[in-house]
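Q: Could you take a close look at how the two parts of this protein meet? I would enjoy a connected walk through that one region.

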Amino acid sequence: MTDIAPTCCGRTARLTTGREIYPNRRDLHWKHFYKCDRCGNYCGCHPGTTKSLGTPANAATRAARSNLHDNVFDPIWKSAPATSQYDAEDHKAKARILKAARSRLYRYLAHHLGIDRDACHFGMFTLEQCKRATEILTGLSYRTVRDWHYAQVKQEGKAA
Ligand SMILES: [Zn+2]
């Protein structure tokens, strides 16, 4: 896998480490980041790699992305086992349900944002997209996502 550096302000961001980004956070010094030397925006990398998590962003966008992920998106798919009928002792079944729920929720969000599933990564979202995604997901129950998913499957079945 090649690590393609993200762009910001029309040019390639520079690979650096947490030593520069968070000088006071020794626990983050080993991590990789991409920083834009023109505007100071930055973004993190997938754990243990130099593969960027998305596009460099400013403080407001970074906060919106992480709030969207942790407080809005994750609680919905994590509620899936409580919505489904499964044996609470069956951890494999629970893991399967969670994995499917997460993937369905990504597709639901991409569909409602009008973007490709491949482009639906919080690390790539603009502040505006974070706001729209929050509106789409706020108050959404996993049951609605599941019903939407089955309606899509049915439609695809008819089209085929
Ligand atoms: Zn920039």
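A: Domain bounds here come from an automatic or database domain assignment. On that basis the protein splits into domain 1 (1-56) and domain 2 (59-153), with residues numbered from 1 along each chain as its sequence is written. This is a predicted model, where local features need pLDDT of at least 70, side-chain atom pairs count only at pLDDT 80 or more, and totals for chains, interfaces and linings use all residues, while side-chain values use heavy atoms, with hydrogens and water left out.

The C-alpha centres of the two domains are 26 Å apart. Four residues from domain 1 and four residues from domain 2 make the contact (heavy atoms within 4.5 Å). Between them the domains bury about 380 Å², 39% of it on carbon and sulfur atoms; buried area is the accessible area (1.4 Å probe) that two parts lose on being put together, summed over both. On the domain 1 side, Tyr42, Leu53 and Thr55 lose the most area to domain 2, together 78% of what that side buries.

What about polar links? The rule finds three residue pairs in polar contact across this interface, both residues at pLDDT 80 or more. A polar contact is a pair of N or O atoms within 3.5 Å; within protein, one must be able to donate a hydrogen and the other to accept it, and residues adjacent in sequence count only if both atoms are side-chain atoms.
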